[in-house]
Amino acid sequence: MSVMPSPHESPDLSTVWLRAFLEVARQGSFTVAARTLGWTQSAVSRQISSLESALGGAPLFDRLPRGVRLTEAGRVLVPHAEAVVEALHGAGRELAALREVAGGRLRFGAFATADAALVPHALGAFRARHPRVRVSREEGFTPALLDRLAAGHLDLAVVSTTGGAPLESYDLHHLLDESLYVAVPAAHPLADGGPVRLGQLADADWISGSARPEGTLLDAALRQGFRPRVAHVVAEWTAKQGYVAAGLGVTLVPALAAESVRPDVTLLPVVDEGAPARAVYAATARGRAPAPAVEAFVGVLREAAGRIPG
């Protein structure tokens with residue numbers, strides 16, 4: 001015994017029933033609809049009967065000597081059935097676009113020096129290949145980006161190991177191990193461009209984004225046995241270069257920012273027998289399936305990282 005839906009309940013309808021209904025309505029014939037659908041006429045009749053039963057039993061078609069004609073109930077149902085079928089087709093198109101990275105969105109964040117070269121190169125390549133993906137970008141420090149990622153506000157974050165941010169809870173896609181340079185004024189005695197050990201600059205004034213070296217790139221100086229004297233705390237990267245060019249001190253420059261150094265500043269490679277200054281990763285939230293656009297962006301980030309000097 002079938003149970004009729006309450007007037008206040010939505011009936012459970014099969015999309016196969018609706019597809020059959022619309023085809024019969026278009027063709028005005030069970031026989032022609034069956035031929036169009038590639039079904040048997042009896043199969044079409046069964047789908048229509050099931051739909052009529054689910055909707056309360058009222059007939060949707062008047063059976064005529066030659067073909068069928070919509071009843072008033074059938075005419076009421078047509079626009080609703082068309083809307084359901086079109087919505088499902090639209091969902092299918094959008095899902096296909098996601099699979100093909102031809103649509104959808106990408107929300108990512110990156111720390112400041114990654115924006116100097118790595119992110120622009122990657123983003124340019126990504127936009128050229130996937131112009132229909134809606135991209136939004138944020139800049140921030142690694143801990144804040146990870147918080148945004150965990151909260152679901154970002155799909156991916158370009159982060160680093162500087163500062164010891166806890167990365168264990170995330171899926172990490174390694175991009176590069178980043179070496180360091182010391183930026184000195186062009187007239188500095190060491191400005192011949194040769195590699196240096198940080199100990200050679202133990203007595204120098206340093207320009208840093210923090211008064212304390214712990215948790216910054218100047219951790220490298222602590223590893224080499226001296227505590228650098230931070231003479232100027234300057235957060236913004238281009239401003240740091242201005243201080244160096246004016247002879248007010250020296251500063252550490254990660255490889256990611258090396259391309260953007262002004263001509264009156266010289267970069268000296270740092271000799272560090274220990275671990276690289278920092279590793280850079282594309283982080284995604286663990287347990288959250290990455291969208292195809294995220295996977296594609298990780299790919300272009302790796303390509304761009306391959307062009308960054310080690």
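This is a predicted model: local features need pLDDT of at least 70, side-chain atom pairs count only at pLDDT 80 or more; totals for chains, interfaces and linings use all residues.
Helix H1 spans residues 15-27, and helix H3 spans residues 41-54. The two helices pack with their axes 9 Å apart. The angle between them is about 110°. Angles of 65 to 115 degrees count as roughly perpendicular, and H1 and H3 are therefore roughly perpendicular to each other. Their crossing is left-handed. On the H1 side, the contact is made by Val 16, Trp 17, Leu 18, Ala 20, Phe 21 and Val 24. Helix H3 contributes Val 44, Gln 47, Ile 48, Ser 50, Leu 51 and Ala 54. Ten of the residues in this contact are nonpolar and two are polar. No charged residue takes part in the contact of H1 with H3.

Aromatic pairs were examined next. A pair of aromatic rings is described by the distance of the centres and the angle of the planes. Rings were paired if their centres lie within 6.5 Å, and the count comes to four aromatic pairs. One of them joins Phe 21 and Phe 61. The ring centres of Phe 21 and Phe 61 are 5.5 Å apart. Their planes stand at 50°, so the pair is tilted. This pair links distant parts of the chain. Phe 21 lies in helix H1, whereas Phe 61 lies in strand E1 (residues 61-63). The two residues are 40 residues apart. Both Phe 21 and Phe 61 are buried. Together with Phe 30, Phe 21 and Phe 61 form one aromatic cluster.

Phe 108 and Phe 297 form another tilted aromatic pair. Here the distance is 4.7 Å centre to centre, with 45° between the planes. This pair, too, links distant parts of the chain. Phe 108 belongs to strand E3 (residues 105-110). Phe 297 belongs to helix H9 (residues 292-305). Phe 108 and Phe 297 are 189 residues apart. Both are buried.

Arg 148 lies 16 residues from Arg 132 along the chain. The C-alpha atoms of Arg 132 and Arg 148 are separated by 24 Å.

Note on methods: Residues are numbered from 1 along each chain as its sequence is written. Side-chain values use heavy atoms; hydrogens and water are left out. Axes are lines fitted to C-alpha atoms, for helices over the stretch in contact, and angles run from 0 to 180 degrees between N-to-C directions. Helices (H or I, at least four residues) and strands (E, at least two) are DSSP runs, numbered from the N terminus. Angles under 35 degrees count as roughly parallel, over 145 as roughly antiparallel, 65 to 115 as roughly perpendicular and the rest as oblique. A crossing is left-handed if the near helix is turned anticlockwise from the far one by less than a right angle, and right-handed if clockwise. Contact means heavy atoms within 4.5 Å. Ala, Val, Leu, Ile, Met, Phe, Trp, Tyr, Cys and Pro count as nonpolar, Asp, Glu, Lys and Arg as charged, and the others, Gly among them, as polar. Rings of Phe, Tyr and Trp (its six-membered ring) pair if their centres lie within 6.5 Å; planes under 30 degrees apart count as stacked, over 60 as edge-to-face and the rest as tilted. Buried means under 20% relative accessible area, exposed over 50%, partly exposed in between (1.4 Å probe, protein chains only).
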